[in-house]
Amino acid sequence: MGSYLQISQVAKAFSTQTVLKDISIDLGQGECLVLLGPSGCGKTTLLNIISGGLHADRGELICDGAVLDAPARAIHVPMRKRGFAMVFQEFSLWPHMTVAENVAFGLSLRGMSRFEREEKTSAALAQVHMEALANRWPSELSGGQQQRVAIARALVVRPRLLLLDEPLSALDARMRETLKEEIATLLKEAGITAVYVTHDQTEAFTVGDRIAVMNQGRLEQVGAPEEIYREPQTRFVAGFIGASNLFSYTREGGHWQLDGQVRLEREAPRAWPHRGHLLLRREAVSIRMQNGRPRIAQGNEVCLTGTCLRERFLGDRHEIFAHIGKDLIFRGISPARIPKGAAVDIAFSIDDVRLLTE
């Protein structure tokens with residue numbers, strides 16, 4: 001798939017504070033890119049540069065072959081001429097217009113005939129399952145219904161690119177769960193190219209074809225959701241995505257020493273450096289109450305003995321924090337509650353250990 005949206009070495013600073021540091025991302029047509037990261041990481045600033053609301057200090061932005069931003073060449077296409085549409089976290093509906101009038105507003109500005117407006121508005125409302133409420137006022141709608149209308153209003157003008165800035169953050173947890181699934185399905189069925197900003201991991205994994213993880217204005221990693229989860233490249237991504245065990249390690253001959261405290265009696269891959277950091281996902285670690293004698297490792301398994309520090313009920317399972325050595329803590333999963341202070345077996349496969357490159 002060719003590149004539809006190209007972001008090349010884009011940088012931005014406000015006064016003396018650099019908020020974007022040479023961001024480069026390519027996006028294929030029909031794909032949804034999620035900008036994911038903590039508050040203040042620069043994701044909304046990047047979205048505003050894409051929309052045309054902000055000027056980049058340097059770099060280039062190209063969409064469908066057209067250069068939209070290139071400060072070195074004094075090129076900046078204004079927001080109104082980019083043909084993009086935006087959905088905000090606030091629903092921003094006109095209170096004096098009905099649902100149908102809100103959706104049709106952009107079409108009216110384009111001089112479209114009444115018949116065409118009504119036809120396209122009905123189709124857009126059907127896409128978001130709101131056709132039955134076309135004559136309602138915004139004040140008569142729930143938050144989720146209002147956001148569906150805002151999405152229909154953005155889609156009806158058939159934008160070259162759809163931009164969504166934390167569109168679910170104003171909704172309650174149950175509505176967020178429902179609407180994120182609907183948005184993911186809608187984007188796929190309509191074949192829309194989109195850039196979606198969120199700080200919520202599950203939202204990013206549901207909606208995104210690819211995820212760009214950002215931290216302090218830098219791009220940490222770009223990849224498919226499964227790649228980001230299973231093969232994080234940096235300590236930040238490993239810690240930010242999912243629940244993980246992060247350890248420093250050193251190699252001693254063919255073996256590993258975790259955090260200078262626990263020796264793993266397994267041969268370390270020879271290609272790995274002599275020191276660095278390792279990731280082990282929480283769900284890859286099995287923790288069980290000890291039955292009187294330590295568990296014996298099988299195959300590629302590593303088995304350690306520790307003490308339950310605390311547990312957390314997750315609904316269908318329990319998260320266990322187990323203490324080993326001086327202050328080394330493993331997070332793992334148990335099917336049953338384990339009391340604090342109980343002796344536990346900690347087991348995981350060496351195949352589930354990942355090396356972090358940064």
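Start by selecting strand S3, residues 32-36, which is mostly covered: five of its five residues are buried (under 20% relative accessible area, with a 1.4 Å probe and protein chains only). Strands here are DSSP E runs of at least two residues and helices are H or I runs of at least four, numbered from the N terminus. You are viewing a predicted model, where local features need pLDDT of at least 70, side-chain atom pairs count only at pLDDT 80 or more, and totals for chains, interfaces and linings use all residues. Residues are numbered from 1 along each chain as its sequence is written, and side-chain values use heavy atoms, leaving out hydrogens and water.

Now show the side chains of S3. Cys32, Val34 and Leu36 point one way, while Leu33 and Leu35 point the other way.

Look for leucine 35 opposite valine 197 of S9.

Move on to helix H2, residues 99-109, and helix H4, residues 143-155. Their axes come within 7 Å and cross at roughly 30° (lines fitted to C-alpha atoms over the stretch in contact, with angles from 0 to 180 degrees between N-to-C directions). Select Val99, Asn102 and Val103 of H2 with Val149, Ala152 and Arg153 of H4 to see the contact (heavy atoms within 4.5 Å).

Finish at leucine 109, also in H2.

Technical notes. Buried means under 20% relative accessible area, exposed over 50%, partly exposed in between (1.4 Å probe, protein chains only). Two strands pair if DSSP finds at least two bridges between them.
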